[in-house]
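Let's take a friendly walk over this model together, looking at its surface patches and at one helix. Please have the sequence and the structure open as you read.

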Amino acid sequence: MRNTARRAVQVVCVLTTASLLAACGAGKERPSEDGSAVGVTDTTIKIGAHFPLTGPAAPGYSEIPSGHEAFYEYVNDAGGVHGRDIEMVVKDDAYNPTNTSAVTNDMILQDEIFAMVSGLGTPTHRAVVQRLNDDGIPDLFVSSGSLQWGDDPGKSPMTFGWQTDYEIEGKIIGQYVKENMPDAKVGLFLQDDDFGEDGEKGTREFLDSQIVDVQKYTPGGSTDFSPQMSSFKSKGVDLVIGFNTPSYTALSQIAAQGVGFKSKWFYSNVGSDPALVGGLLASMTKGKIPAEQGVKLMDGMMTTEYLSGVDAPDDEWVKLWQKVWDNYSKKGSEKLTNYRIYGMAQAYTLVQALQANGKDLTRESIVKTIEEEGSSFEGPGLAPFRFSADSHLGISGMSVVEIKNGASEPLTPVLVTDIGDAPIEEDDSAASDAPPSSGIPE
Amino acid sequence: MERLRSILGPLARPITSVPLARHLVVALIAFVVAMAVIGASSQYLQTRYAEMAYFAIAAGGLTLLTGLSGQLSLGHGALMAVGAYAATLVLDRTGGETLADVFVALLVAIAVCALVGVVVGVPAARLHGPYIAGATLTLAVAVPRLANQWHVLGGEQGLQVPVPRAAELPAWIQDLVWFFTAVEIDQYSFLAYLGWLLLALTFVALANLSRSRVGRRWRAVRDDDVSAELAGIHLGRARVVAFTVSAMAAGLAGGLMAMNVRLTAPGAFTITLSLTLLAAVVLGGLGSLPGALIGAGVLAFLPHFATDLGESAGLSATQAAEVTPVVYGLVLMLVILLAPAGIVGSLRSLVSRASRTSSLASALGSTKEKTT
């Protein structure tokens, strides 16, 4: 009798649970997907980015988001873009691709950003491009010159590059060396990922027969480059072309001094900031090379330039950046640097795109706007953007410069080209663009 | 337990008395509950649950090895790396577009890790205590670096992992999930369901193994290897089997991790990962599967909770990120100070103490009744 009652209770329990679970569901009909303006309200636009705020890649790069934030503050104070304030979420990935994946996940799902803007790094951003495109999230103005952000919009329709890509940088460097140093024995110093690979590809278009040695390094790996520099020395290298980040410029200089390797140096734009490298040399040698002497060590080095920097205080754009930084930097005591200028210049392009897009902003519309109008954006870049439906690559050229007393002196006019076998041509037209008087693109 | 059995009644008695059936029933109930919770959660929480699932699988394997067989491994992060790379290479070849691709990749990950488990387990079986720890530590340091040696492993920037899009999943799965949860299945929830399904299956297998003759041998070897050997147990064999089983769990976890992170790169498998896994096991309670689950939950949720807390307290993003390891360390210290047997271990002793007191009280009560 008791057993029967118990069994009845059990059966009722099971049935109730089952029907409750089934009732949670909704049967067969499903609603359709809605449009996507996630992260956009009538008064705000939320964007996000990953940067190395800590770790070996942090020096310099961690300053870029402060440039962004200062420029957005400046724009927000003037009423925002179509009445919307720009809010930026910045997350630290320590230049570790696995962290980039994790923080991007958080930005998409927890912070619900409208778009990723200027996430930094080739190996790092590569880890999240697929996800951003799968989820239909605009991935604008990646802070890296790797080709993969823009050479195949069919594969990554939401992703746009911004800076001059490493392949055309390699081409421009290669042509300059071929024409001006035809007898140089070239050693390549490369980051062992797409960054180094793209640069090598462009360089080899001109210098294939002059390259006598290639040395690679892994970011986050060994910091002693004596073996690499000894190899250059033994192969008789007298010109090193480096596609590396700033810390590795300093490390390669220290190692070259250590093994007594003398050479001319040509660092690509990424690794060549004299002020930063000078500071790094001082801190890495614990003051044995003082910062001033470190900057001096950079004298005579060649590099490239696609933006005017702090060494050109009379440039109209630099004047604008200085004004914005003086009034809107969160850490008032810190100086304007080339990395902050880089951030503000990217922010300028974003505001330009949002202005051009008009009031009705969706994830799809911003991509369309940049494809249709991006190539006519006038901005701080020395060469125009290449944005179109067929190419999402950014600035189309740069000039070769030599570093003297921490400032850059042009060796060539602005050289403009495209990937592949597109010819390299002189074109100073975009270099004379000046900012509007308000400092905010219209 | 007695009381539970009496409530469940005669219907449940034959089921709960067979360990396999009991474990299956518990796992099924747990999976249904997990499915309901996952379905009702935001995508963000779903990724956390998926993370918890693969950490729990790895921690489950480790807790069996360390808690039952008494071998301390500091190299489980490396075994996860092996599983992750194996699964990634398979998914890369097959395209990773269908459910079959996913299961083939995970099976390969388990198989490769079983092989590595044997290879590492044989020499490790000759070692004791700190020496095993040292040997496996080498594994944790060396294995991720291999990726920089061979180009096929993608170097420091790693390999991207293709995952099936929700639309490519079989219609019956889409319908089933929709029917139960009223939410369309997407990549995030798919990975969470997959993780918890495999977690349930793994725990059934591990729990069963630990209740079986194999598990009893492990305990015997752990408690006194000399008497175990006198009793006819082959020490080396028992240890190698334990290491292999544990490596297989780590391999499965690594494969799932690759799909969730969508990238397999050396930076994911630092020595910290191995240590964190061990911390999760100790936190939950050494040798206990529920403990491994709790430890994994702490791993998946605490860092984000701490960061959010830091940010809401007005810290900058960088500062908040730096607070996380401090909070994690504090929690670990508190657990070890206040609950040295781990969370589950301490709860268990609390419950048994309480039931002993109550049975004592009732015994006293009944004697009183008799005397009066």
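A:Asp85 counts as partly exposed, at 31% relative accessibility. (Buried means under 20% relative accessible area, exposed over 50%, and partly exposed in between, with a 1.4 Å probe and protein chains only.) You will find A:Asp85 in strand β2 of chain A; helices (H or I, at least four residues) and strands (E, at least two) are DSSP runs, numbered from the N terminus.

Patches are made of residues with over 30% relative accessible area and no salt bridge, with like charges joined within 9 Å and nonpolar side chains (Val, Leu, Ile, Met, Phe, Trp, Tyr) within 5 Å. A salt bridge here is a side-chain nitrogen of Lys or Arg within 4 Å of a carboxyl oxygen of Asp or Glu.

## How to read the model

This is a predicted model, in which local features need pLDDT of at least 70 and side-chain atom pairs count only at pLDDT 80 or more, while totals for chains, interfaces and linings use all residues. Residues are numbered from 1 along each chain as its sequence is written, chains are lettered from A and ligands numbered from 1 in the order in which they are written, and side-chain values use heavy atoms, leaving out hydrogens and water.

Now turn to chain B, where B:Arg211, B:Arg213, B:Arg216, B:Arg217 and B:Arg237 form a positive surface patch. Helix α10 (residues 213-223) of chain B supplies the largest share, 3 residues. B:Arg237 sits in helix α12 (residues 235-261) of chain B and is exposed, with a relative accessible area of 57%.

A nonpolar surface patch is made by B:Val25, B:Ile29, B:Val33 and B:Val37, with about 310 Å² of accessible area together. B:Val25 belongs to helix α2 (residues 19-39) of chain B and is partly exposed at 37% relative accessibility. An α-helix has 3.6 residues a turn, so residues three or four places apart point the same way.

## An enclosed helix and what follows

How many of the 26 residues of α3(B) are buried? The count is 24, so α3(B) is largely enclosed by the rest of the structure. Just after α3(B), B:Gly70 takes a positive phi of about 75 degrees.

B:Gln71, in the loop between α3 and α4 (76-94) of chain B, is buried with a relative accessible area of 1%. B:Gln71 and B:Thr276 are 205 residues apart in sequence and 17 Å apart in space, C-alpha to C-alpha.

Technical notes: Areas by Shrake-Rupley, 256 points an atom, 1.4 Å probe, with all protein chains shown as cover. Lys, Arg positive; Asp, Glu negative; His and termini not counted. Charge placed at Lys NZ, Arg CZ, Asp CG, Glu CD.
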